[in-house]
Amino acid sequence: MGSQVVTRPVVRSFKVAYVAEAARHVRGGGHAVVWESDSRARLVLPKPNDADPGDLAQWSILDLGKSRYRTIKEGPLTGFATIMVPRDCHEIVRRRAERDSILEGPTHGVALDCLECGACCRDNQVQLFDDDVARFKEGGRADLAKPPFARRTDGKLVLVLAKSKDCQHLASDNKCGIYAIRPDACSQFPMASECCLYAREEELGVTDGLAAADA
Ligand code: SF4
Ligand code: SF4
């Protein structure tokens, strides 16, 4: 596959008095955390493209535990999507803005090579759905939906990790052993999304932004 440069939104923090600057940032493709007070923040982003499963704005919303957004109808932020940032996610969005403080402009091109990385195949719960089970069956691997490869937990069917917490299907060369029939959660995992960047930080200690520039 090789390295791919993916353009991702840069996250910036703005006090509500600087909402016009926040609007400029989002218009350029960035994501803005607008602090209405010390304890109230909203995330403002370009309106997600619902037809694109890899849309990074949509994934930023999902990553904060939300699935719905509101379209702003008045003021300088009109037309953008927004969600209130849950209180328990304030530190997360602060950290993202800090990470990106070294980056200029509203977007940033990050070079990623999934085969060199494999971070999201480690210590990650992959849920299986009916389509995945059917794909396994058609591919002659119905066993992948059963122990020791999969199990039910809290009503969900999930892949069982190895003792090392790596996915059992991850080979030593970072290739997926069931690539052609891998679960949708894997094939749709969005490169350069916040969950991708987080997995890389946690599993590889690689930070895109401030720490990377310091390294
Ligand atoms: S964490 Fe991101 S770059 Fe790494 S393998 Fe997953 S999608 Fe690819
Ligand atoms: S099934 Fe393949 S792509 Fe999915 S987590 Fe496991 S190794 Fe990674």
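A residue counts as buried when its relative accessible area is under 20%. S60 has a relative accessibility of 5%, so S60 is buried. This holds for a predicted model.

S60 is part of helix α2, which spans residues 56-63. Its side chain forms a polar contact with the side chain of H31, at 3.3 Å. Leaving aside residues up to four places away in sequence, S60 touches H31, L43, L45 and E194.

The protein chain as a whole contains 8 helices and 10 strands. Its C-alpha atoms fill a box of roughly 60 × 40 × 30 Å along the principal axes. Of the 215 residues, 39% are buried. Among contacts with a separation of 6 or more, 62% join residues 24 or more positions apart.

The protein chain carries 30 positive and 31 negative side chains. The centres of these two sets lie 4 Å apart.

Confidence was examined last. The average pLDDT of the protein chain is 94. A score of at least 70 is reached by 96% of the residues. Over residues 211-215, pLDDT stays under 50. For this stretch the model has 2 contacts beyond four places in sequence.

Conventions:
Residues are numbered from 1 along each chain as its sequence is written. Chains are lettered from A and ligands numbered from 1 in the order in which they are written. This is a predicted model: local features need pLDDT of at least 70, side-chain atom pairs count only at pLDDT 80 or more; totals for chains, interfaces and linings use all residues. Side-chain values use heavy atoms; hydrogens and water are left out. Helices (H or I, at least four residues) and strands (E, at least two) are DSSP runs, numbered from the N terminus. Buried means under 20% relative accessible area, exposed over 50%, partly exposed in between (1.4 Å probe, protein chains only). Contact means heavy atoms within 4.5 Å. Lys and Arg count as positive and Asp and Glu as negative; His and the chain ends are not counted. The place of a charge is taken as NZ of Lys, CZ of Arg, CG of Asp or CD of Glu. pLDDT is the predictor's confidence in each residue, from 0 to 100. A polar contact is a pair of N or O atoms within 3.5 Å; within protein, one must be able to donate a hydrogen and the other to accept it, and residues adjacent in sequence count only if both atoms are side-chain atoms.
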